[in-house]
Amino acid sequence: MADHPEGPIRVALIGYGLAGAVFHGPLISSTPGVSLATIVTGDPERRSRASSDHPDAQLLAGVDALWRRAADHDLVVVATPNRSHVPLGLAALQAGLPVVIDKPMAPTAEEGRRLVAEATERDLLLAVFQNRRWDGDFLTVRRLLSEDALGPIVRFESRFERWRPRVHPETWRERGDPEEAGGLLFDLGSHLIDQAVVLFGPPRTVYAEVDRRRPSAEVDDDVFVAFEHEAGVRSHLWMSVLAAIPGPRMRVLGMRAAYEKFGLDVQERALSEGARPDDPDWGREPPDRWGRLSTGDGERTVETEPGAYPEFYRGIAASLRDGTPPPVDPEDSVAVLRIIEAAQESARTKGVILVG
């Protein structure tokens, strides 16, 4: 992998919708040693917001102008609709630039493997923005597992549930074309599956119920996925836009104790409200949001680990400067896509799918 200069790592961010404006822009610009040099968006309203948010960044209307300026950049971040992830990722790599791609990295595992092969052939960094690995609740579960606080794990339950009963056909995530990679399994499922695999390893079986419940919906909006992991742990994952009363965000059942946590990680809301990721209290939850651990005979509150989204781009910077492994191995994201495809097959056949 090519060495980078001692100056700031110059980043080109493609796309300034929700992902670019709320997540990548603030996280990139607040990372030491990293500079948000360029933002690519042709939408006038988004260009205006990008100029206001990042006045020192150059604005480009299209990617062709970016490729002509490839030598002025050290990293490309693809934060565009899912159908463009692969062509933009390949174009960046072919321009000689390392790439971060928002999740899911591709609409299919085969296309994901193509991206990995291109990056490997060119000896360039490729990473996927699986930011939920740095959610406070997930970090808390990892800590409890490392402490063996629950004993041998029986079942892991994880949910992203929302109340959005109305279809919005104007948004690309609601479109049924497979190339869009819309729907909940690709969106929230990319996070939940990745978290379960990081915690307990790859599944050996996958069972899924993938439904369209809302009238006129073209994509899945109510999904359940169940794994049996190689170590015998079972993961049960729910994602829905039809939950007026959400269940616990995470529940982990062990042979000695259980942990339960309600409410979403606080970082997305903080970013959307304009908070700075370099704030010293970043990612901390108030005590009334903390989870609980019960042994059956007694119960105690468990302080939630501070969420740590800034660690992603710190890890990217270290990878580019020092050659350390990227914070998310793209092979992990290809594995998530394979599991999504197994879940889709399970839903079609109404059976359990063996994976491996």
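Okay, let's start with Gly 283, which sits in the loop between helix H8 (267-272) and strand S13 (291-294). Helices (H or I, at least four residues) and strands (E, at least two) here are DSSP runs, numbered from the N terminus. Before going on, this is a predicted model, in which local features need pLDDT of at least 70 and side-chain atom pairs count only at pLDDT 80 or more, while totals for chains, interfaces and linings use all residues. Residues are numbered from 1 along each chain as its sequence is written, and side-chain values use heavy atoms, with hydrogens and water left out.

Back to the glycine. Is Gly 283 buried or exposed? Its relative accessibility is 7%, so Gly 283 counts as buried; the cut-offs are under 20% relative accessible area for buried, over 50% for exposed, and partly exposed in between, with a 1.4 Å probe and protein chains only. What does Gly 283 touch, not counting residues up to four places away in sequence? The partners are Val 266, Gln 267, Glu 305, Pro 306 and Gly 307, where contact means heavy atoms within 4.5 Å. For a sense of distance, Arg 314 is 31 residues from Gly 283 in sequence, and their C-alpha atoms are 16 Å apart in space.

Now another loop residue. Thr 41 lies between strand S2 (34-40) and helix H2 (44-53). Thr 41 counts as buried because its relative accessibility is 7%. From there, the Thr 41 side chain reaches the backbone nitrogen of Asp 43 at 3.4 Å. That is a polar contact, meaning a pair of N or O atoms within 3.5 Å; within protein, one must be able to donate a hydrogen and the other to accept it, and residues adjacent in sequence count only if both atoms are side-chain atoms. Leave aside neighbours within four places in sequence, and Thr 41 is in contact with Tyr 16, Arg 46, Arg 47, Leu 60 and Ala 61.

What covers them? After H6 comes Asp 148, with a positive phi near 55°.

Let's look at H6 against H7. Their axes come within 11 Å and cross at roughly 15°; axes are lines fitted to C-alpha atoms, for helices over the stretch in contact, and angles run from 0 to 180 degrees between N-to-C directions. That angle is why H6 is roughly parallel to H7. By the cut-offs, under 35 degrees is roughly parallel, over 145 roughly antiparallel, 65 to 115 roughly perpendicular, and the rest oblique. On the H6 side, Phe 138, Val 141, Arg 142 and Leu 145 meet Gln 195, Val 198, Leu 199 and Phe 200 in H7. Sorted by class, these residues are 6 nonpolar, 1 polar and 1 charged. Ala, Val, Leu, Ile, Met, Phe, Trp, Tyr, Cys and Pro count as nonpolar, Asp, Glu, Lys and Arg as charged, and the others, Gly among them, as polar.

Let me pick out Val 198 in helix H7. Val 198 is partly exposed, with a relative accessible area of 28%. Not counting residues up to four places away in sequence, Val 198 touches Arg 133, Phe 138 and Arg 142.

H7 (residues 188-200) also meets H10 (residues 330-349): the two axes come within 10 Å and cross at roughly 115°. H7 and H10 are therefore roughly perpendicular to each other. Ser 190, Ile 193, Asp 194 and Val 197 in H7 meet Val 336, Ile 339 and Ile 340 in H10. That contact of H7 with H10 divides into 5 nonpolar, 1 polar and 1 charged residue.

H10 packs with H5 (residues 109-122) too, at an angle of about 170° and with axes 8 Å apart. That makes H5 roughly antiparallel to H10. Here Ala 109, Gly 112, Arg 113 and Val 116 in H5 meet Pro 330, Glu 331, Val 334, Leu 337, Arg 338 and Glu 341 in H10. The class count for this contact of H5 with H10 is 5 nonpolar, 1 polar and 4 charged.

Last stop, a strand residue: Glu 209, in strand S8 (residues 203-211). Glu 209 is partly exposed, at 35% relative accessible area. The Glu 209 side chain makes a polar contact with the side chain of Tyr 207, at 2.9 Å.
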